Amino acid sequence: MTVLLEIDDLTGGYRDTNVLYNISARIEAGSVLGVFGKNGVGKTTLARLVQGSLVANTGDIRLQGRSLHALPAHARRRLGIGYMPQTSMVFDDLTVRENLSLGSNREEPDRYFRRFPRLAERLDQPAGTMSGGERKILAFVRAMIEDTRVIVLDEPSEGVQPENIDHMAECLKERAAAGGGILLCEQNLSFLTRVSSWCLGLDAGTVVLDKAAEDVSAAELRSILSL
Amino acid sequence: MAFVLLPVSLLLAALLLVPEVFGDFMAYQIGLYLIYGIAAQGIGFLWGKTGVLPLGQALFFGLAAYATAITLRGDSGLIIDLTLAVAVLAAIAVFAFVLAALIFRGRNESGPYFSLITLALVMIAEQIAGTATTLTGGFNGMSGYASLGNLDPFGGFYYVIVAATVAVSLLLLVLNRLPVNLIARAVADNEPRLQLLGFPTHVIKGAAFAFSALIAALAGGLFASHQGIVTPTSMGFGLSAEMVILTAVGGRFHVLGPLIGAVVVGWASAELRDSFPYWELLMAVAFILVVLKAPGGIAELLESGYRRVRPARPGKRSEPVTAPATKAVDAAGPLRFDDVRLKIGVVCILNGVSFETPPTGIVSIIGPNGAGKTSTLNTITGNRRTTGGRIALGSRRIDSRPPYRALRSGIGRKMQVPSVFFSMSVSQNLSIAMMANRARLVDLFRPSTFAWRSRSLSALLKNPSVPLQEELVQPVEHLPQGHRQFLEYAMTIAAEPRVLLLDEPCAGLSLEETALMTRLVRAFQAETGGLVIVIEHDMSIVEAISDKVLVMHLGQVLAFDTFDKVRVNPEVQAVYAGGTK
Amino acid sequence: MSSVLLLNLAWQISTLALVALGLAIVFGKLRIMNMAHGEFVMIGAYAPVITSSLGLPGWLQVPVCLLSVGLVAFVLERTIIRHLYGRMFDSLLATWGIAILLRETVELLFGRGYQSVTPPISGTLSLLGTEYPAYRIAVIAGIVLGFGALAWWNARSKVATRIKAMVGNPDLAEAVGINTARLSAGAFIFGCCTAGLAGLILAPTIRIEPMMGLDYLIRSFFALVVGGLGSLEGLGIGAGIIAGTQSVLGALANQTYGYLAVLTLSILFLWLKPDGIRSSTR
């Protein structure tokens, strides 16, 4: 398996305050790395360090061998890092259609409208007028259709109804099967365990669990989430 | 009191020394800078706290200056002069209040538009002052009148200015220590949250603007008497802009900042303007640097220097005081929707929603994304105006009322994304919440109000699982999302609403925290016997807490029944199994 | 209405639309409340003064204007403006400082006095049964053509959408591959250059002096307030109403009344229709 993304001994956070310490992980083509942990352990920080809106203090991130360290977010996107943030995940002032056509895309969104028909109904509506769950779905579809190799998703299932979470899981599996890499930060354990091929548990800014998803027991997950 | 008396007595001593040390002419000049400084203090109060930037403050300055000049020319004696002065000040305050309250009514963001209106107003005023020659003397201005109480501008009048400076500073410093200060800051921080806590923010902004106008007018009156001439420039765009610059350079977050700014800039300008040709350039660069690098201005730099010598000691935590009971609510009873419609632009969000809740209990709202769940709550609190139908709580109609009236009707609301006062500490957030629906106007001016605690809030904080107790002094912006959820929940129930609206209270919470939140909600309902409406996606939570479940789909009610009945409802199953259509 | 009045109206409206265009981009799109907008008009107007004092041929006025305005805008964007995106009040204050800075610099270079320059095209043309300066007719035609081209380009390119996305959510814009630093700098410099061009065009018809910018700033603001931020159509309507009111009332009564009417109109709009006639959300 080719390694798409390598996170190498990463330490970083907000300006001078480190939130994460010595994180290492890798995402192979066709795999989903599931990151979990309690609130405030640094899942969002990890996502943003990879995506480029935060810059690591030490360590490196490589996409197919190329260091991303000094690159701003837009350059990382052009090299193939897609990103769906946890909050402010859509352009509120733009219509759904504009939201979906802003970046360079690998495919048309039509395929996803079968799973999420509400989006197709609302194409010409400003994204800011949609409900929280609908905005999550819009941002998710945007991240899916973009022309990227690794997609970083920060809590995509938060506030989304269970049926649509199922659809999201299918989309992620399809994308992985097509050779993409996915970094999924999630609070929803059933969703996380369903789609992940490898699990990374965080606590207090360090890795406390790092193994293939099928080897992780429910007891292990729970102990990390509710010490 | 030390933190009020120390700066004020230092200020007083420094100002009283000026004529002795530097002589009368310097005192005359300093007096003028102080007059501008007083007006700038008013700008600092309004801008630094509520975030509203007035660009036309010279309007009030100039109006009062002209009024003073006209009065003094009449030569009718000190008593009548002072009575007229009070009348003019009152008229200006009322005008400013009405203007701001009207503009801000129904508008959340303080935005640049209000600033532009004040700018346009001052430009009109300058035009009129320049052309209405009979009243104002036109571009040559008004002069040839005696000063207030016939005091010499180069002598005794300086002490009148000092008295006014000290009085205004003292007033502002005292206000800083009172709950009303917290409320004013909350406007700039998170206006929609403050409204949901029952505060009419347009009135608060109007009052703050009126207060700042009053201070500007006071300065304008002193100006007329001090200078012996009033011209249209005293009411002009240039002066307004200069006052804003003085405020920014001196420091808008500190009471004495604008005074420092006015004196420093005024003095440096007088010293350097003639000898140094690049003086104006230097001023412009300094001003830009302040805006970019030191938004707190000179005062903030001075304070951080002082803090390096004497670090701030944490204030003594005052003993909690039992808060007064909440105000009686207008209405209680079942919540009833009759064919409620909501249209935003061309999009129909609610297409005739009708249901009636039981008067007490927990009702969950479920439904696919975009079904109109949050919009339903928005119509209850008045964050959205319905475009049809009616909503009643008990016998009282509550739709299309502004959000700040919701709590008065007994409705409290927690938002989907935690909405708290981000620039404040946890305990300041809780203090504001404790004032909600309890504080009368006079309570906002009593320091003891800060320590208010209700039994239910104390019980919540003492619960060892709730993460807030150890974080009381922390600024909220550093709290993780989950803790903010608990904070906002605590703030919402602090007002003891009869109807509690919770929009996905468990979003972003861990399993453990979710369990805690559901326990808290159930306990709150059992204790108050009120009505709780929860939007929730997780069916296990819905099953655990709901007395009834309202299923929404495409802006309509699909089913409204107990959980077990809803679960077997074929229409509900169709929606949940097959996506939409 | 006499045809001279009609042509004057066309002149006023078209030049105001060009002056306000830059502010529509910088304030309307980038949300930088540029109080120095008028100063860019002023610098543009000094371009003919520069070329004639250096003895350069007249055709160099346009490149000199664009180069000087563009350079000043570039330096200011890189050093000051880029810190101010998303901080509207701070942008207002800092650009106020910039305005003073530019005025004082120009005063040191050229002195406080009035300057005047001659139009590159002299003579009159016979139009609508009256003789009207050929230069003004050429300018009106040029502005109309320019706006037509801009509308065409705006409809085809995604630039407007990308700017809207960037201003609404800069982090997400970066995440979808928009180089926000370059896009915002480009938009700012473009906006300032159109203001400079407007100054160059107006130069032969006005008195050129360091303080001249304020009036253009205020009228541009009001045109945007009335017309609404965010669309070329709104800009045209706003410029029409503001310039129309001012010149008609100015002709019928006097300039002060024209000015008062414009101010009152703007206050009423801010009060009753704060999004203007054409707002960007529709």
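The centres of domain 1 and domain 2 of chain B, taken over C-alpha atoms, are separated by 43 Å in this predicted model. The domain assignment places domain 1 of chain B at 2-239 and domain 2 of chain B at 335-578. Contact between these two domains involves 18 residues of domain 1 of chain B and 26 residues of domain 2 of chain B. Chain B also has a contact with chain A, to which chain A gives 25 residues and chain B gives 22 residues.

**Domain 1 against domain 2 in chain B**

- On the side of domain 1 of chain B that touches domain 2 of chain B, at least two residues each come from α8 (179-189) and α9 (191-196) of chain B.
- α8(B) is the element that gives the most to this side of domain 1 of chain B, at six residues.
- Sorted by class, this side of domain 1 of chain B holds eleven nonpolar residues, four polar residues and three charged residues.

**Chain A against chain B**

- Chain A brings 25 residues to the contact, and chain B brings 22 residues.
- On the side of chain A that touches chain B, the elements giving two or more residues are α5 (117-121), α6 (132-145) and α7 (162-177) of chain A.
- α6(A) provides the largest share of this side of chain A, with four residues.
- Sorted by class, the side of chain A that touches chain B holds six nonpolar, 13 polar and six charged residues.

Notes: Residues are numbered from 1 along each chain as its sequence is written. Chains are lettered from A and ligands numbered from 1 in the order in which they are written. This is a predicted model: local features need pLDDT of at least 70, side-chain atom pairs count only at pLDDT 80 or more; totals for chains, interfaces and linings use all residues. Two residues are in contact if their C-beta atoms, placed from the backbone, lie within 7 Å. Ala, Val, Leu, Ile, Met, Phe, Trp, Tyr, Cys and Pro count as nonpolar, Asp, Glu, Lys and Arg as charged, and the others, Gly among them, as polar. Domain bounds come from an automatic or database domain assignment.
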